[in-house]
Every structure is written in structure tokens, then in C-alpha cells.
Amino acid sequence: MSGTWWRGAAIYQVYLRSFADGNGDGIGDLAGLRAKLPYLAELGIDAIWLNPWYLSPMADGGYDVADYRVIEPAFGDLAEAEKYIEQAHALGIRTIIDVVPNHGSDQQVWFQQALAAGPGSPERERFIFRVGRGESGQLPPNDWQSIFNGPAWTRVPDGEWYLHLFAPEQPDFNWRNAEVVREFHDILRFWLDRGVDGIRIDSAAVLIKDLDSVEESYTDHDAVHDIYREWRRITDSYDGRFLVGEMWMPDQERFALYLRPDEMHTAFNFDFLSRPWQADELRASIDLTLATHGPIGAPPTWVLSNHDVTRPVTKYGRPDTSFDHADRRHGMVTDPPLGERRARAAALLAMALPGSVYVYQGEELGLPEVEDLPDDLLQDPIWTRSGRTDRGRDGCRVPLPWSGAEPPFGFGSGTPWLPQPADWKDLTVEAQQADQSSMLALYRDALRIRRTELGDGILTWLDSEPGVLAFVRESGITCVVNLTDAPVDLPPHQSLLLTSAPLDHTRLPPDTTAWLHPSS
Ligand code: GLC
Ligand code: CA
């Protein structure tokens, strides 16, 4: 069992710079995280996934890695990272780190060497350098656009251009280069040797490019699978470790290819996260997920939020409750109480499904998206690269409120790197710990029941009226979600285990989930 613990795990995502600040500089760090480990142990999670914690100029919040063998000094150092891994293990919490194979940092030694060595050098071969088009090479090699807006190519002083699917500070690696392949194998071993239990693979589907194509041809080329077969071999040479891939891909059959038994163990399920709060949509997503994962034996994952997407409380309170990177719907009206009600119901739905579940820090507090951050404080490169039209992802990255009645709400003694809303006093951990009806109390109860009673058996749908989702797990635990606008009857049951909102007499109110034990 311990070897495959990840199949049913509850994994908590720590966005380190916004979690807790131990030294008062306004940036979350390892000292802050270590001090809060008892909170996470009590929450009842199995593992922590940490966003990149390595040396970084922070052009993209750490997804521009300058050195994988050095911890970013703002966060701590290698000795402290090792101490943290050990301390977490002692509390029964495993650690998943983030590896970013698509690109590095322009401050990384390799890239600096490539700039210095010049055109045609082996140093340039580690990245994707090309001559430009036009008479004097003044036009980029092709018209590809960066995922963060603007051209995907930047010209260097000697006239060549390099490719960056994200920001210019994140030059793409050349995955046809043997040194790149080897270097990442060494990085995996470096951290697996230090006891990390899992690896999250960033932007996993875009490593192989077809530069001759006029179209943007970088997502999901077949050759990318060879990379992960090697990574799987390395990971499986250690006991009980696993890979989780980040692939945003509409085609679920192509998606499932990454989860074949000799590739990644798991991948984030963004289909579920992107769907609107509608019974038919959610059921379709669940069925699709189970149908694609089942035959290859990979456990599904259920994700409601992360550091790239709109907070559920805000998203589910909008008229359009779906999520789409291309249109983050900033500033769309939202009804916070409705959003919170649905976010609670969604959490119980996600946690009742077979497979593993991810909880992004602050989700358990019901934090909303902060949509009124001052323009000049926004740090997401999307903001400037979109010509200040897309506010990017900072609104879900605001430092956590821990205690007290005003900012910085116990985050640390300094001024947080992004300002917290003044009205977060009712959302602090301290306030919610004292309140049995809080989001935090719901997450704790749900995680406990999930761990002790839910079991890992299959899901069977029960007959239900339109707009209601009802299924039973092999353990007998039954989950009913009411997405209609009127109360509905619950199936006959022996006991009610948990509800996301109080019942309406004996009926399940709108936007509410119940977990129950059926009558035998
Ligand atoms: C992934 C990360 C995101 C980052 C991007 C580039 O999507 O989750 O935060 O900006 O990759 O590394
Ligand atoms: Ca700090």
C-alpha cells in the first residue's frame, strides 16, 4: 500500500511565497512553512506539492529556474529544504516538488554560456536558437506567439533569435539535445535522493517543437512520450515515488497516452476544473475521466483550483461558472455567498470521487480571487506582456490570512508582497478554527471521512432527477449533489455523514452536497 499511496492521496499545494513568512521580509519561506506543518497535519493531508523553490530571478514566480541544486535564498537553503522534508515525513506528510523541463531562466549558467559562445556553438544547441527571416534576419524565425502574449522569439545582440513559449526570461530547452536530457535525469535523482516523494512536471506536453510548421506546433508531439518513459524508469527505481503531469489538453484520449503504465503515474485533471457548475457537464467530465483512466489503470485526479486559475468561490458565483485561460473573466460580477455555497458543494463532490484530490492553499479557507490589486503591484508577466489588458494570475496568489483582525493577518511581521484585502478577518485560520460551520471545518471533516471511510472502490451512479448527481462508492458511502434551484429528496439512508450546508428539514437544498450511509 505505501508503494502506491499516491493513488488515493489528498495533496495540498503550497505556493511558498504566499504561505507563511518566517523572517518578516513579506515573502513566504521554508521557515514559515515548517512552523505551519502542524496546521497541515491537522488538516489531514497526505502530501504537499511545492511550486518551484529553486534559485530564480522570479520573472515568473519561480518557473524561471536558474539552478535546481540551490534553494532560492528568499525561501531558505538546501539544508533547510532537507530539514523540511524530514520534518514533514515525521508528521506523515510527503513532499512533491515541481520540475520545469520546457524552459530555464535567462540567468542560468547554461543560457549565459550560450549567449557568450555565439552562433553554431554546442552551448547554443541546448536551447532553441535560429536565424531570423527577412533580408537581415530582422524578423523572427516564425510567427509563433508566446503563451504569455507577444512573440515567442527574442533576438540577441549577435542577431540570432531564441524561442520562449512563455516569457523572454524563460528560454526553451532543446529536448533533442542529449545534454539536456541527461541534466534533467540528474536533477530528478538529486531530489529523489533527498527523499522527495513525487515530481510535478510543469507544462509537460510542450517540450517537442516542429519549428518548420507555420502553425504553433508544440503541443503533444509523439516524441515527448520518450522523455517521460525515461523519467518513469528513474522514478520507479526508488520506492513509492510518483510523477504528476501538468498538461492542458482538450483531447482526453491523447491526454490518457501520458498515463500509460510506463509513463507518468498521474496527471492533473483540468477538464473537471474547467467545467461550469452544471450537473450534466460535471457528470460528463466524471464519466470521461473514469473512462479514459480506467483501461490504463491510472488513478484520476480531481482539482478545483491552483496558482494559475480563478479561486472557486469567485468563479462559482459568476453567471458563467466555467474556466478558460484565454478569458479569465476578470471583473465579471460575482455573488460571493452563492459562490461560497457552490465551492463547498464542489469540494465534497471532488473529495467523494475515486482517485486523488488536490487542495490549493487558501481553498480550504474559501478565499476569493482578489480582483482589485493595485495595477503597479501586479507581478504576473501576463500583465505586462498583454499590454496591461489581462491582469493575469496574481489574484489567486495573495498571501494567506492566519490570524488577527487586520493585514498582514499573521502572515509574517513584514508587509506581504501582495496586499491582502482588509476584510479578510473572518477568513483567517484562527477565525475559522473557532467556527464549526466554516469552510476550514468542512475541509477537515471531509478529509477525515475520506481518509478513514470512503475506501478506494469504484463509483456507481444512482438514478436521480435531472440536475442532481448521485453515486455510491464500494464502501457504501453515497454522495448526492443538488445543482437544481429547488430542494430535493435524499435517497433512503441510515445516517448523514456530512453536508456542505444544513438540510432544509429532510431535503437537500440547492447547491448542496451530502455524504450519507445508505440503509442496509
Ligand atoms: C505552468 C505553471 C505556471 C507557469 C507556466 C510556465 O503552467 O503552473 O504557473 O507560469 O507553467 O512555467
Ligand atoms: Ca520571508
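1. Buried means under 20% relative accessible area, exposed over 50%, and partly exposed in between, with a 1.4 Å probe and protein chains only. Helices (H or I, at least four residues) and strands (E, at least two) are DSSP runs, numbered from the N terminus. With those terms, 6 of the 6 residues of strand β15 (residues 468-473) are buried, so β15 is largely enclosed by the rest of the structure.

2. Basis of the values. This is a predicted model, where local features need pLDDT of at least 70 and side-chain atom pairs count only at pLDDT 80 or more, while totals for chains, interfaces and linings use all residues. Residues are numbered from 1 along each chain as its sequence is written, chains are lettered from A and ligands numbered from 1 in the order in which they are written, and side-chain values use heavy atoms, with hydrogens and water left out.

3. Faces of β15. V468, A470 and V472 point one way. L469, F471 and R473 point the other way. Both sets are buried.

4. Neighbours of β15. Two strands pair if DSSP finds at least two bridges between them. Strand β14 (residues 459-461) runs antiparallel to β15, joined by 3 bridges. L459 has R473 as its bridge partner. These two strands form a hairpin with 6 residues between them, and G467 in the turn has a positive phi of about 90 degrees. Strand β16 (residues 478-482) is also antiparallel to β15, with 5 bridges. Here A470 is partnered by V480. The β15-β16 hairpin has 4 residues between its strands, and G476 in the turn takes a positive phi of about 100 degrees.

5. The open sheet. It holds 8 strands in the order β11-β10-β9-β5-β2-β1-β13-β12, with parallel pairing. Strand β1 (residues 10-14) is joined to β13 (residues 356-360) by 4 bridges. I11 stands opposite Y358 in β13.

6. Helix α1 (residues 30-43) lies across β1 and β2 (47-50), at about 150 degrees to β1. Axes are lines fitted to C-alpha atoms, for helices over the stretch in contact, and angles run from 0 to 180 degrees between N-to-C directions. Contact means heavy atoms within 4.5 Å.

7. Calcium site. Ligand 2, a calcium ion, is coordinated by D21 (OD), N23 (OD1), D25 (OD), I27 (O) and D29 (OD), at 2.3 to 2.4 Å. The donor spacing along the chain is D-x1-N-x1-D-x1-I-x1-D. Donors are N, O and S atoms within 2.8 Å of the metal (3.2 Å for Na, K and Ca); water is not among the atoms, so sites may look incomplete. N23 is exposed, at 51% relative accessible area. I27 is partly exposed, at 26%.

8. Q170. This residue sits in the loop between β8 (161-163) and α5. Q170 is buried, at 0% relative accessibility. Leaving out residues up to four places away in sequence, Q170 touches D60, Y63, D64, H103, G104, F148 and H164.

9. Helix α5 (residues 178-193). Its 16 residues reach 22 Å from first C-alpha to last, close to the 22 Å expected at 1.5 Å a residue; the expected span is 1.5 Å times one less than the number of residues. Buried residues in α5 include V180, F184, I187, L188 and W191. At the start of α5, a side-chain oxygen of N177 reaches to within 2.9 Å of the backbone nitrogen of E179. Just after α5, G195 takes a positive phi of about 95 degrees.

Terms used: A polar contact is a pair of N or O atoms within 3.5 Å; within protein, one must be able to donate a hydrogen and the other to accept it, and residues adjacent in sequence count only if both atoms are side-chain atoms.
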